[in-house]
Amino acid sequence: MIDRRKLLLGGAALALSGCKVLDDAAGDSALHKLFASAENLTMASQRLLSPNALAPTFEPSDIRQGQRPNGSVNADSPEYLSMAAAGFEPYQLRITGLVERPQSISYGALRNMPQQSQITRHDCVEGWSCIAKWTGTPLSAVLNEAKPKLTARYAVFHCFDAIERGLSGEVFYYESIDLIDAYHPQTILAYGLNDAALPIAHGAPIRLRVERQLGYKQTKFIHTIELTDSLLPYGAGKGSYWADRGYEWYAGI
Amino acid sequence: MLIYRQKLITRITHWIWAICLFFLMLTGLQIFNAHPTLYIGQESGFEYDNAVLAIGAREGADGLQGVVQVFGQTFDTTGVLGVSDGEVRAFPAALTIPSYTSLATGRTIHFFFAWLLVGTLTVWVIASILNGHVRQLIPNLADLRGLPRDIADHARLRFHHTASYNVLQKLAYGSVLFVALPLMIATGLTMSPSFNATAPWLLDVFQGRQTARTIHFITMIALIGFFGVHMLMILAAGPLNELRSIITGWYRTDDAQTDPKDARHD
């Protein structure tokens, strides 16, 4: 007869080892590909359910604290530091790639373009949220100046901040959205936060706000926006620093 | 008398849910570990306090100390919560998938099983409306009148094996299928910034994204509670008979108590 205690211990051991079974479900394993296939379903559903829907906005009284800085909180290339010292007046935003008219827009010119403010909730992939007021230029207005070519599908953001420093050199943050999100009415290049100039900790002089996605898509320290028809040439092929490290490219949940 | 109690679709969906909930819970704890604090409201208070539960670590007299704070009360949980195996992590490695810290992998697996759960629930709801199983789960007036007696019987571990579920079973299974699982799905969707644009009213229903996250967590605890009671009842009511009915469908009833109209051989 099987000793009940042994049976229970055996069951507990099985349950514990069960937790380690999926330890291999990362990276390029077939199991990971199976699990990750659900991400396509998630993105397709999100697009189907809210192609143009607006993210919820909040009241000024809902801003009860400063925006919490996260990710890179500074950039330290000599070029960036000298710009920061000059109040970002020498800053030029470049629009390149699949556009009819490549642009170089100064910080001053950007602030003279159509302006928009929105009080929205920033959701970190870790689980926390923070409400703040963001002010900037609609990305659509900037892209219209550059006239994207018909073949353009994505906007890739190149940044000043080195998110990783290793023996092989620095990895500068990069992120991308498709043109559906790029032309969404709440997608702005923010230069203001809570009625002040965007602080360095939040990606000065400009950061992206793409309101229906998680925090890591809200790209900071942007210097160049490149339009492209494929994300394969960027980073490890997903066109996003965190997507290349296992997170969803479409961060809607 | 041996009767065919559980239809094939009921048995298949039952086991898929069991697998889904196992992985959803353990990947959910992995995700929770990335920010092990729960709040009430739209946002997380960093400059003010709207936290209701926080699992953390602090430097104690004997090194790292795991602490849990619930509604302002602090508990030392070193070894299990906050600090385990000398490492700072809210839930220990044995309770997360993967066992090591990987928010990305945890999320990928969580959403895969979330889809599987939603898909299985949808199939089950349609099939169970068509085959009458839903009706078997909703207590009728006679059931409710018999509730005190059924509670007394359960308390004395006196079980009646009949073709139909007893009222406590109906209430337990019904609240998992019609309350807890829909609540898990709804609060899960309320945490999605994309779905907030689709259905902003969910934020009003749950009073904010962070409250939804807290309800998601509490409902998970409730589901674990259900699982515990479910296992105890199976052990107490005769594990072989109970297991046979959820695997093969066949269930032995107490002959005397079987109402002939319940003994369907379908």
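Me: Before anything else, what does buried area mean between two parts?
Reply: Buried area is the accessible area that two parts lose on being put together, summed over both. Keep in mind that this is a predicted model.

Me: OK. How much area is buried between chain B and chain A?
Reply: About 3,900 Å². Carbon and sulfur atoms give 61% of that area.

Me: How many residues does the contact take from each chain?
Reply: Chain B puts in 39 residues and chain A puts in 50 residues.

Me: And how many residue pairs are in polar contact between chain B and chain A?
Reply: The count is 21 residue pairs, with both residues at pLDDT 80 or more.

Me: Which elements of chain B give two or more residues to the side that touches chain A?
Reply: They are α1, α2 (103-131), α7 (193-198) and α9 (209-237) of chain B. The largest share comes from α2(B), with 10 residues.

Me: How many salt bridges are there across the interface?
Reply: Two. Separately, look at Glu248(A) and Arg107(B): their side chains meet in a salt bridge, at 3.0 Å from N to O.

Me: Switching to His35(B). Where is it found?
Reply: His35(B) sits in the loop between α1 (8-34) and β2 (37-39) of chain B.

Me: Is His35(B) buried or exposed?
Reply: Buried. The relative accessible area of His35(B) is 9%, and the cut-off for buried is under 20%.

Me: What does the side chain of His35(B) make a polar contact with?
Reply: The side chain of Tyr39(B), at 2.7 Å.

Me: And which residues is His35(B) in contact with, leaving aside neighbours within four places in sequence?
Reply: Two are in chain A: Glu126(A) and Trp128(A).

Me: Take Tyr174(A) and Tyr241(A). Why is that pair edge-to-face?
Reply: Their planes stand at 85 degrees, so the pair is edge-to-face; the cut-off is over 60. The ring centres are 6.2 Å apart.

Me: Which parts of the chain does that pair link?
Reply: Distant ones. Tyr174(A) is in strand β6 (residues 169-178) of chain A, while Tyr241(A) is in the segment after β10 (222-228) of chain A. They are 67 residues apart.

Me: Are those two buried or exposed?
Reply: Tyr174(A) is buried, with a relative accessible area of 9%. Tyr241(A) is buried as well, at 5%.

Me: Which residues do ring pairs link into a cluster?
Reply: The cluster holds Tyr80(A), Phe88(A), Tyr91(A), Tyr107(A), Phe160(A) and Phe221(A).

Me: Now helix α5 of chain A. How many of its residues are buried?
Reply: Six of its eight residues, so α5 (residues 139-146) is mostly covered. Among the buried ones are Leu139(A), Val142(A) and Ala146(A).

Me: What happens just after α5(A)?
Reply: Lys147(A) takes a positive phi there, of about 50 degrees.

Me: Last one: chain A as a whole. How many helices and strands has it?
Reply: Six helices and 10 strands. Of its 253 residues, 51% count as buried. The C-alpha atoms of chain A fill a box of roughly 85 × 45 × 45 Å, taken along the principal axes.

Notes:
Residues are numbered from 1 along each chain as its sequence is written. Chains are lettered from A and ligands numbered from 1 in the order in which they are written. This is a predicted model: local features need pLDDT of at least 70, side-chain atom pairs count only at pLDDT 80 or more; totals for chains, interfaces and linings use all residues. Side-chain values use heavy atoms; hydrogens and water are left out. Rings of Phe, Tyr and Trp (its six-membered ring) pair if their centres lie within 6.5 Å; planes under 30 degrees apart count as stacked, over 60 as edge-to-face and the rest as tilted. Helices (H or I, at least four residues) and strands (E, at least two) are DSSP runs, numbered from the N terminus. Buried means under 20% relative accessible area, exposed over 50%, partly exposed in between (1.4 Å probe, protein chains only). A polar contact is a pair of N or O atoms within 3.5 Å; within protein, one must be able to donate a hydrogen and the other to accept it, and residues adjacent in sequence count only if both atoms are side-chain atoms. Contact means heavy atoms within 4.5 Å. Buried area is the accessible area (1.4 Å probe) that two parts lose on being put together, summed over both. A salt bridge is a side-chain nitrogen of Lys or Arg within 4 Å of a carboxyl oxygen of Asp or Glu.
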